[in-house]
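Hi,

Here is the structure I promised to pass on. My notes on a pocket and a pair of helices follow.

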Amino acid sequence: MTPKQVLEIAKENKAKVVDIRFLDFPGVWQHFTVPICELNESSFEDGFGFDGSSIRGWQPIHASDMLVIPDPATAKMDPFFEVPTLVLIGDIADPLTREPYSRDPRYIAKKAELFLKSSGIGDTAYIGPEAEFFIFDDVRFESSTNKSFFEVDSVEGIWNSGREEFPNLGYKPRHKQGYFPVPPTDKFQDLRTEMLLTLEKLGIDVECQHHEVATAGQAEIDMRFKPLLQMGDQLMWFKYVLKNVAQRDNRTVTFMPKPLFEDNGTGMHTHISIWKDGEPLFAGDKYAGVSQEALYGIGGILKHCRALCALTNPTTNSYKRLVPGFEAPVNLAYSSRNRSAAIRIPMYSASPKAKRIEFRTPDPSCNSYLAFSAILMAVLDGIENKIDPGEPLDKDIYGLPPEELANIPSAPGSLEEALAALKEDHAFLLKGDVFTQDVIDTWIEYKTENEVNPIKLRPHPHEFMLYYDI
């Protein structure tokens, strides 16, 4: 799409304002709005100025001026604003040198796609994330010097089976029994369909929507796979749409990996395949119908998984889900169909075009551009260096005897462990200048100072249950 076509779209839809959006370093959309008269063809080169020192993980205050340059290919009309609003996702640049900003997550994704092409291995990386989420009716939380608590509630919560609801009509999914029930047990069919249809109106292809395993409104809506940068953009729209559709229904959506105790957490199984000249690189005659390149790509993910987790599972809450022996795929092994392995080769279709790797460890708290780029870089490292993934594990990992299970490596047990792994193992991310040393160092520093240490320093409410009377 050209700048001229964007202006035509704005005119056709009678847009009165333009909303410019970009991602901060941790992965949350930011925006500001300008009158439509401020948008012209030169805006797509000149950009718009803003204060980069106020964006998390970005510029110091003495070098705060930055530019956001709208990408005409991202133009969409906002489905929620009262005033007709054209939305453009922008790329960040230095106002003096006009160079792209190295900490802009979208720029990192662009460089990952360019590196794939320059490697000669392929020309397109397709990404398909399965981002799960919870729909709650109410959420309250506080963390202060003398008080800390959270409380979420849902009409579906099994803990409300005895609540007076005038009347309470039952039909609340039991723990770990929320997968695919029809209404009235599934209370959110219409809401999820509204989310699905809103995504489709934005031009985002959706494959299905359904209730997920946990009680209290856990759900999943699957987007059809797209090239890496496009899927990074789409996942941001995905989160935005789901949160705002829920808000309009007086409910709230969260992508926290583990908001409930004693029930399934929220993952984001991420499918990846590489194509070259319109042909799938991962189809072949090896194990489960994949190619040798696919097996090497699996080897790359398994080798670098502990470091990848710092980007694909980047919150302290991520590791409440990634606990050995429970539902999450923490064991660094691969298999066809076996969902207890960190990497699965889906077997739904025999078509060569459907052959892909499913990395099951990530969760949707991640910065999508950084996570997808890091996964691709691990796959490419595996292919370039012919990393052997070892033998597949087609057994039930959770049923293995302790002596056999001890030989299977595991994902990190905490964000601190993951960041330490990233500090030791990130050379594969620096290839092609996709990630820079500054990006890696800043990520580790930001996460440590703003998330790891604050959690370590605070008493946990359950510690009062355990220790107050000692």
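**The second largest pocket**

Strand β7 gives the most to the lining of the second largest pocket, with six residues. Please keep in mind that this is a predicted model, where local features need pLDDT of at least 70, side-chain atom pairs count only at pLDDT 80 or more, and totals for chains, interfaces and linings use all residues. Residues are numbered from 1 along each chain as its sequence is written, and side-chain values use heavy atoms, with hydrogens and water left out.

The pocket holds about 850 Å³ of space (the space filled by probe spheres set on grid points joined across faces, edges and corners). A pocket here is an open set of points on a 1 Å grid over the protein atoms alone, where a 1.4 Å probe fits, with protein on both sides within 12 Å along at least five of seven lines; lining residues have an atom within 4 Å of a point. Of its 42 lining residues, E130, H269, H271, R344 and E358 are the closest to the centre. Two or more lining residues come from each of β7 (124-136), β10 (206-211), β11 (218-223) and β14 (268-276) (strands are DSSP runs of E, at least two residues; helices are runs of H or I, at least four; both are numbered from the N terminus). By class, the lining has 16 nonpolar, ten polar and 16 charged residues (nonpolar: Ala, Val, Leu, Ile, Met, Phe, Trp, Tyr, Cys and Pro; charged: Asp, Glu, Lys and Arg; polar: the others, Gly among them).

**A helix pair**

L415, E416, L419, L422 and K423 in α10 meet I440, W443, I444, K447, T448, E451, V452 and K456 in α12 (contact means heavy atoms within 4.5 Å). This contact has seven nonpolar, one polar and five charged residues.

Best wishes
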